[in-house]
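Let's take a friendly walk through one stretch of this fold. Have the sequence and the 3D view open as you read.

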Amino acid sequence: MVARTAFKRQPLMTNLTTNWRQQLRDSLITPEKLLDRLNLPLHLLADAHHGSKLFPLRVPEAYLRRIHPGDRHDPLLRQVLPVVDETFQAEGFVDDPVGDLASSAAPGILHKYHGRALLLLTGACSVNCRYCFRRNFPYAEQQIKPSEWQQSVDYLQRSPDISEIIFSGGDPLVLTTDKLKALTDDLQDIGHLRRLRIHTRLPVMIPARITESFCNWLEQLPWPVCIVMHINHFREIDRDVALACTRLRQSGITLLNQAVLLKGVNDTVEIQQKLSEKLYDTGILSYYLHQLDPVTGAQHFQVPDNAALQLHARMRDILPGYLLPRLVREIPGEPAKLPL
Ligand SMILES: *Cc1c(COP(=O)(O)O)cnc(C)c1O
Ligand code: SF4
């Protein structure tokens, strides 16, 4: 059992008063409403429609509040607004850039790397990030279905080299806390499991997701828990996100961040420096900076390798080592994410 520090706890009060599930349901899903909500010019509409036909628009209000109204180049907006560039085909960009379809070990399980198994718990997300490497992924066929869950547990049970379970998706925190608890209850008896990791964008998109009952669930787990956030720009961290992270830290959770290097979003040294520093202020360590996976429809986000390397070298010059994320890329068939 892991020792957890007992801090004095404050209930998490966020800006928005509706609960997280209502906020998920209330997310904006049409380009018309997005442009209207953010005072953006209507001439962007046709493009947004083209893009959203391939991969739907989805963004929750709590995140919209951090976007500057009227600024069509806002780096937070760029991550969620569909554009016509998504319909272009570029050489080298494919539907399954990381070879996920080839590495499914059991229903909903990706066992690509030694010691770690990734569970695709759901295909749903709280936001549709335009650069997502899963934007063309056949979710419905890959995520764990209730009828196959036992098969997945059996696979983990008979794979003693797996010491870490990674909850992923989609976004595993769109599942209710009761559902998550039922899943971890079924995993408790697997003696060789030592760590649980959760990859999620929900604490950032809808900070109200970090409820007391969620934290209580985390605290009673028999393993150390690590949550890997996915924050690409320092302005994604507002007061509510910071409070949610503080609450998670009070539950003894390790917080890491992985960002994707995105043209027009975070491809300058200044932004990367501010991101690493703001993350640290929030109790999160920079873990990875991913070079974009070449997924069809995301080529306009690509930063060339030489520019990425130069950027990273300059970050190394100005940041302490523990604030410097590893610049990596995923290459299908490789035993780990590879340094660039
Ligand atoms: C990225 C990834 C992991 C985790 O890799 P780390 O280097 O441990 O962060 C595990 N499994 C799969 C399938 C992944 O894509
Ligand atoms: S939250 Fe993650 S999985 Fe979901 S769309 Fe964004 S990048 Fe993709």
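Predicted model: local features only at pLDDT ≥ 70, side-chain atom pairs only at ≥ 80, totals over all residues.

Which residue in strand 9 is the bridge partner of L289?

## Helix 12

Helix 12 covers residues 269-281, which is 13 residues. From its first C-alpha to its last it reaches 18 Å, close to the 18 Å expected at 1.5 Å a residue.

Its buried residues are V269, I271, Q272, L275, S276 and L279. An α-helix has 3.6 residues a turn, so residues three or four places apart point the same way. The buried residues of helix 12 pack against strand 7 (254-260), strand 8 (285-290) and helix 13 (305-318). After helix 12 comes G283, with a positive phi near 90 degrees.

## Strands 7 and 8

Strand 7 and strand 8 run parallel, joined by five bridges. Here L256 is found opposite L285 of strand 8. Strand 8 itself is mostly covered, with five of its six residues buried.

## On to strand 9

Strand 8 also pairs with strand 9 (residues 326-329), in the parallel sense and over three bridges. Now for the opening question: the partner of L289 in strand 9 is L327. To get from strand 8 to strand 9, the chain passes through helix 13, in a β-α-β crossover that is right-handed.

Conventions:
Residues numbered from 1 in each chain as written. Chains lettered and ligands numbered in written order. Heavy atoms only, no water. Helix = DSSP H or I, 4+ residues; strand = E, 2+ residues; numbered from the N terminus. Expected span 1.5 Å × (residues − 1). Buried < 20%, exposed > 50% of the residue type's maximum accessible area, 1.4 Å probe, protein only. Contact = heavy atoms within 4.5 Å. Pairing = 2+ DSSP bridges. Right-handed = clockwise from strand over helix to strand, strands pointing away.
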